Amino acid sequence: MIDLEICCGTTCYMLGGAALLELEKALPEEWRQLVDVRAVPCTDACAREDLGRAPFVRLNGELIANATREKIYLRLSELVAAAGGEK
Amino acid sequence: MSNGAERLRRELMIRVVREFKKGTLAENIDRMPVAIRPRHSEFSRCCVYHDRAVLKYRLMALMGCDCRREDEDETKPLHEYLKETMSDPVRPERPLTVCAAGCDGCPESRINITTNCRGCFARPCVFSCPKGAIHVEDQHAVVDYSKCIKCGKCLQVCPFNAIIKTKVPCEDACPVGAIRKNEFGVADIDFDKCIYCGKCYSKCPFSAIMERSELLRVLEALKSGKKLVALVAPSAQFQFPGGIGKLFSAIAAVGFFDVIEVALGAELTTENEAKEFIERMKKGEKLMTTSCCTAYVELVKRHVPQLLDRVSDTPSPMRYAGRLAREKHPDAINVFIGPCIAKRLEAAESEEIDMAMTFEELGALLAGWGVDIMSQPEWPIPRPAIVTARNFAKSCGVTEAVLNELLGESGDIKLDGKFFNGIDAKSAKLLALYAAGKLPGNFLEVMSCEGGCVGGPCSLIKN
């Protein structure tokens, strides 16, 4: 299972996180069983300037700054492919 | 995130709140436009300098200034505006302003024939034009602008998509023709016509229409330890993560003394509006309209005055909630929080409301203060408002609540509900027909925003 945590801290939520929450419904059918999408409280990434800008998400623990649907899809497709390769 | 303008606006608000909380706002505010757009950063307008100039005006609007007036003095530093705002916190009398430096002066809306035109044999554009404004010269369609009424029929029939209509988004969005270019070619609002619906604010792609905010007044009141009560509009339930219980705790965490659901006011509006409806019908009146949407009431006052007698006299949920707050905390400052620009105007005119802010500003306040909504405990709401009152935020919600209230009590009077789910350029004409008794229905609900308040211009999530 691939773990997708969408930060719903107030800053992330304000700056795009709210729209990313819709992503779960929009995931392609074949990914839905592979990805566990969760809204999580503030990860404190927004308070640090060296990590980039909000909104933040975590994909299998890997932090993605300035997250957009496209960025998440791109990384997800790599992870899905890798997971498929292991099987 | 729906667009870059929204993102920048919110980032700026969050930054201002952070600096204010640290106590460094006065010291850093003049540098803020440069900090956001350093010399070699990406820019969104023609250059970093233009971006910085507009950021300065944006900060001024955030302090409640009227950018249209203030842009006469470009040299006045932001910290001086801040000092004035803090020492003499006058409520902005008009909640909207135009930043001339931000306005792109979009070219007049007109029909253009592009090079996609092949000067075809059938020429449906010529035949569809009701004014005979199109003819073909040298195998290319030509518009006679003295005849063209921009109806757009030619756009629809061209088989090559060769005809386009250039737009002026603010003018196209304004339902009352209140925004036009002035002699300098930049947008200006005619405040005799403006109904503060906020449609120009939402639609301007250059983000040149700005709200005159009271955020700094709220911050100053919080800092000075004043007793503030937050009155939260019903649409909040669809706007923040974690539900209103957590949201209310978050509001208290930044220093609000109490939080009250405006939906409790909506219960009183429902009850009294239902009574008023029965009374009016018994008197032989043919129509009553709702009055909770401020932009609609302004529309009637300014553009359809003959309908004014039909508008319900029952106060809005915001005002009733303000009264409840006054009873509970007579010495407190009442701060209305909603998705609306027009409510700022109503708030300024209401004795029960002292300040108004938007969901966007509330979000920025919580973010800048470092309050995470999701990790808050549930706020003990003493008595949650009933569902029909909370649904005031949705189109048809008011009608449903009144219908529900009337169940079994209306005798032989039947409510025949009609509604406007959002107003546009045709609304004033239609409302005039309602005033003249030419249209069916005896209860008319009008919401300026599509979907109701949940679609408000200052909501966080646009559906």
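This is a predicted model: local features need pLDDT of at least 70, side-chain atom pairs count only at pLDDT 80 or more; totals for chains, interfaces and linings use all residues.
Residues are numbered from 1 along each chain as its sequence is written, chains are lettered from A and ligands numbered from 1 in the order in which they are written, and side-chain values use heavy atoms, with hydrogens and water left out.

Let's start with confidence. The pLDDT is the predictor's confidence in each residue, from 0 to 100, and chain A averages 87, with 97% of its residues scoring at least 70. Helices (H or I, at least four residues) and strands (E, at least two) are DSSP runs, numbered from the N terminus.

Now turn to where the two chains meet. Counting contact as heavy atoms within 4.5 Å, 19 residues of chain A touch 21 residues of chain B. The size of an interface is often given as the accessible area lost when the parts come together. Here the buried area (the accessible area, with a 1.4 Å probe, that two parts lose on being put together, summed over both) is about 1,500 Å², and carbon and sulfur atoms give 61% of that. A:Thr10, A:Tyr13 and A:Met14 supply 45% of the area that chain A buries against chain B, more than any other three residues.

What about polar links across this contact? Eight residue pairs, both at pLDDT 80 or more, are in polar contact between chain A and chain B. A polar contact is a pair of N or O atoms within 3.5 Å; within protein, one must be able to donate a hydrogen and the other to accept it, and residues adjacent in sequence count only if both atoms are side-chain atoms. On the side of chain A that touches chain B, helix H1 (10–20) and strand E2 (35–40) each supply at least two residues, and H1(A) gives the most, with eight.

The two chains also share one salt bridge, meaning a side-chain nitrogen of Lys or Arg within 4 Å of a carboxyl oxygen of Asp or Glu. It joins A:Arg53 to B:Glu11, at 2.9 Å from N to O. Over all chains, this rule gives 42 salt bridges.

One of them is in chain A, where A:Arg75 pairs with A:Glu78 and the closest N and O atoms are 2.6 Å apart. Both residues lie in helix H4 (residues 69–86) of chain A, three residues apart, about one turn of the helix. For accessibility, buried means under 20% relative accessible area, exposed over 50%, and partly exposed in between (1.4 Å probe, protein chains only). A:Arg75, at 24%, is partly exposed, and so is A:Glu78, at 43%.

In chain B, B:Asp313 forms a salt bridge with B:Arg280, with 3.4 Å between the closest N and O atoms. This pair links distant parts of the chain, 33 residues apart: B:Asp313 sits in the loop between helix H14 (294–303) and helix H15 (317–328), and B:Arg280 in helix H13 (residues 262–282). B:Asp313 is exposed at 64%, whereas B:Arg280 is buried at 6%.
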